[in-house]
Amino acid sequence: MIRCTHLTQRFRVKDREVRALDNLELSVAAGDFLVVRGPSGCGKTTLLLTLGAMLRPVNGSVVVRGQDLYALSSAERAQFRARHLGFVFQMFHLVPYLNVLENVLLARPAPPSPAARTRARDLLTRLGLGDRLEHRPAALSAGERQRTAVARALLNEPELILADEPTGNLDPDNSHEVFRHLQSFQQTGGTVVVVTHGAAADAFATRVIRMAAGRILSAD
Amino acid sequence: MIGSLYLVLVVAMLAADAAYTSPWHLWQSLQSREIRYAIRLSLLSCSLTAILSLWVAIPIGYVMARQDFRGKSVLDALLDIPIVLPPLVIGLSLLILFQTVPGRLLERVVPVTYAVPSVILAQFMVACAFAVRTMRATFEQISPRQEQVALTLGCRRSQAFWWVVLPQARRGVLTAVTLAWARSLGEFGPILVFSGATRLRTEVLPTTVFLELSVGNIEAAVAVSLLMVAAAVAVLLLIRAYGSEPTLTQGVRP
């Protein structure tokens, strides 16, 4: 599903150069639930953004589904993201003035088709939010907001979900719930990559790797 | 205590101006053909300068806030030069620039020096630097994460910028345009050198104040100064009132 070779990302912080990814090699098979674990600042988010066609690497390549992402134009990458990838972030990032259903439908070009509306309703019902469709994010708990974000990521039937600390703001019960939904996506043929500093996702993973200073240290 | 003294000084200064002149002088000034031309040219040139400054400041401010590249600190210093240079030097430098070969060639197509375009260019050189500073600070305060979320939902980078970043930067845009407009209204040094002080040609309101003062017509100079104060305060109030409206109520619903 994913193959990264010689992946390097460098940033300049003041006059110092920081290597967020240091010649990193990574392969993820279709159907994997990969957890990338490491301390803050080790390059996890940079890795996720690079895998998600959002941050061009200084060096190296990212091939997803046989497609070299950074050989595509900006518009083609946008299409690739919309069709094949789903993203879940720690901070949910729901639009405050749209209700739950409308937030999920943001993943489709406006106006969404009746079929997209039906799929969004089904997804939200499956994620336990069937009675919250008309509610705005402010009326939801943190767990419900993150499940809305998961539904938004699943709407376009992606093959790969990239999640950046998806349970960083949730209590253990809600964390378990979110990972259970990501696992169910993986068990129906999807691939999941979660980057996190905690160990809560390990129980759901088919593979755990550790990262530090832009490198992969070990695979459990 | 020191702050209140400063405020008292500002109010006292304006009150002294108002006490020096009378409504009759103000009315007389508004009847003058030259002063009416200066008001029109000031309003036109300041508005054009503010729009041009914004047009330049938004992309530069965005790149400076979001991108790291070699030579960024040099570019940063270059962008600040118009702020730190004495205004007369800016005017002189523009005058010299338009005496060079490329400058003269351009003058053949569009007369700039001692004409209306020179007023706009002189105002723009200073006002734009302030607009760039404002837009950079604005973009630095906006988290890139929401932009990234828009990218994950199928937006291109340009769409994420127009639909997500720019609406969030609305207040900064208003501040930048106000600052550029107000700065242009008060600009005098570069205009005097680069555009001259020709009545009914390159005369803007600060030029009027200078010309009236130089012939000893202090009442008219003060009356025009009060007009400038009134115009500046009106624009500030108008834009602040508009800028304080809720920003996140308009969006494209799916």
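Residues are numbered from 1 along each chain as its sequence is written, while chains are lettered from A and ligands numbered from 1 in the order in which they are written. Because the model is predicted, local features need pLDDT of at least 70 and side-chain atom pairs count only at pLDDT 80 or more, with totals for chains, interfaces and linings using all residues; side-chain values use heavy atoms, leaving out hydrogens and water.

Let's take chain B. There are 13 helices and 0 strands in chain B, where helices are DSSP runs (H or I) of at least four residues and strands (E) of at least two, numbered from the N terminus. The C-alpha trace of chain B spans about 65 × 50 × 40 Å along its principal axes. Of its 254 residues, 41% are buried, meaning under 20% relative accessible area with a 1.4 Å probe, protein chains only.

Now over to chain A. Here we find an open sheet of 4 strands, antiparallel, in the order E2-E1-E4-E5; two strands pair if DSSP finds at least two bridges between them. Strands E2 (16-28) and E5 (67-68) of chain A each have a single partner strand, so one side of each lacks a neighbour in the sheet. E4 (residues 59-64) of chain A pairs with E5(A) over 2 bridges, in the antiparallel sense, and Val63(A) stands opposite Asp68(A) in E5(A).

Key
Buried < 20%, exposed > 50% of the residue type's maximum accessible area, 1.4 Å probe, protein only.
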